[in-house]
Amino acid sequence: MFDKSTWIRLPRNVVVGHDVRSEVVDVVDDLHLQGRPLFVTSPTPREVAADPIAADFEAAGIDPAIVTIEKATFDAVERVIEVAEAEAVSYLVGIGGGKAIDIAKLASHHLEMGFLSVPTAASHDGIVSNRGSVPDGDSRHSVAAEPPLAVVADTGILAEAPWDLTTAGCADIISNYTAVMDWRLAQRLKDVEYSEYAAALSEMTAEILVDNADLIRPGLEESAWVVTKALMSSGVAMSIAGSSRPASGAEHLFSHQLDRVAPGAALHGHQVGVGSIMTAYLHGGDRGIWRDIRDALASIDAPTTAAELGLDDDTVIEALTTCHEIRDRYTILGNGMNERAARDVATKTGVIG
Ligand SMILES: [Zn+2]
């Protein structure tokens, strides 16, 4: 008997373009959201986006509560929850880079409220996806939350974000290649749930981004457009899959482990990019696509070596040899690499040396 069933949860409105910041209030109206919103933001995004959006809301007769968070921590999530309860809000709006949006996502999940995502940097695919995670002491607090009700991505604001954040978003997308390889491997070896639609969409997203790499240049608003659309379709792939598998494989495990052993050293997307070079080598050996991944990263000015990440060689080796332990996700790393093998792949791909 055929008895499969699945839920695919997607944002209802995705608005991308120049000056769309002023349309957040229309999006809220279109979604029939009633009551008071809580804006979750951080200091710089507050100035460039949250305050002007708050003025639009006030002009429309809605009085938003605002909470500004400095760091992405579990305490910040709890603070947002407290403010939401104290101010009797009925939905959340995350306005900022990854931090503010992840926190709004986790808090709204706990509060069982909807949230909107208004990214001010195209730095990773969390701006659209249903996955949220923040550091919680020595581990990460990560949930399968809901995707945002809507995403409003103003390319004018995104283009003003520090360039590093944009190249990090690109590298996060380029890493889809190895995430999908890991997913297929896990499907063959461990029979994990797999969606060909989600895998194909994720790979195609990386391909389109790489094909458009010459449009990705500092100061070009079109760059923000290309990257944001790619982050959206990566997020949709995750929604179709019902997991982060289409965009998160061993290269993400490597990055999460770097976050533990060298916190704050480099941006998420940059770390997964370098991880992706090495795991592509593990999948395909010297004739695999690791050079294509490295060249694509280099062409958009994303790091391709430990030194460019600001890390020493030993830190990279430590993360590579231990990252299989952090989560029950089968990847090309299997039950772990030994140190010699790790040094070998890192050296052959030029990541250390
Ligand atoms: Zn990522």
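**Close-up views of a predicted model**

**View 1. A patch of negative charge lies on the surface, built from Asp19, Glu23, Asp26 and Asp29.** Everything in these views comes from a predicted model. Start with Asp29, which belongs to helix H1, the stretch of residues 24–30. Its relative accessibility is 58%, so Asp29 counts as exposed. Another member of the patch, Asp19, sits in the loop between strand E1 (13–17) and H1.

**View 2. Asp19 has a positive phi although it is not a glycine.** Have a look at the backbone here: the phi angle of Asp19 is near 65°.

View 3. Where does Asp301 sit? You will find Asp301 in the loop that runs between helix H12 (290–299) and helix H13 (306–309). With 53% relative accessibility, Asp301 counts as exposed, because exposed means over 50%.

**View 4. Cys170 and Cys323 are two buried cysteines.** Cys170 has a relative accessibility of 0%, so Cys170 counts as buried. Cys323 is buried too, with a relative accessible area of 0%. Both calls follow because buried means under 20% relative accessible area. How many disulfides does the structure hold? The number is zero. As a reminder, a disulfide is a covalent bond that joins the sulfur atoms of two cysteines.

Methods: Residues numbered from 1 in each chain as written. Predicted model: local features only at pLDDT ≥ 70, side-chain atom pairs only at ≥ 80, totals over all residues. Heavy atoms only, no water. Patch = residues over 30% accessible without salt bridge, like charges linked within 9 Å, V, L, I, M, F, W, Y side chains within 5 Å. Areas by Shrake-Rupley, 256 points an atom, 1.4 Å probe, with all protein chains shown as cover. Salt bridge = Lys/Arg side-chain N within 4 Å of Asp/Glu carboxyl O. Lys, Arg positive; Asp, Glu negative; His and termini not counted. Charge placed at Lys NZ, Arg CZ, Asp CG, Glu CD. Helix = DSSP H or I, 4+ residues; strand = E, 2+ residues; numbered from the N terminus. Buried < 20%, exposed > 50% of the residue type's maximum accessible area, 1.4 Å probe, protein only. Disulfide = S-S within 2.5 Å.
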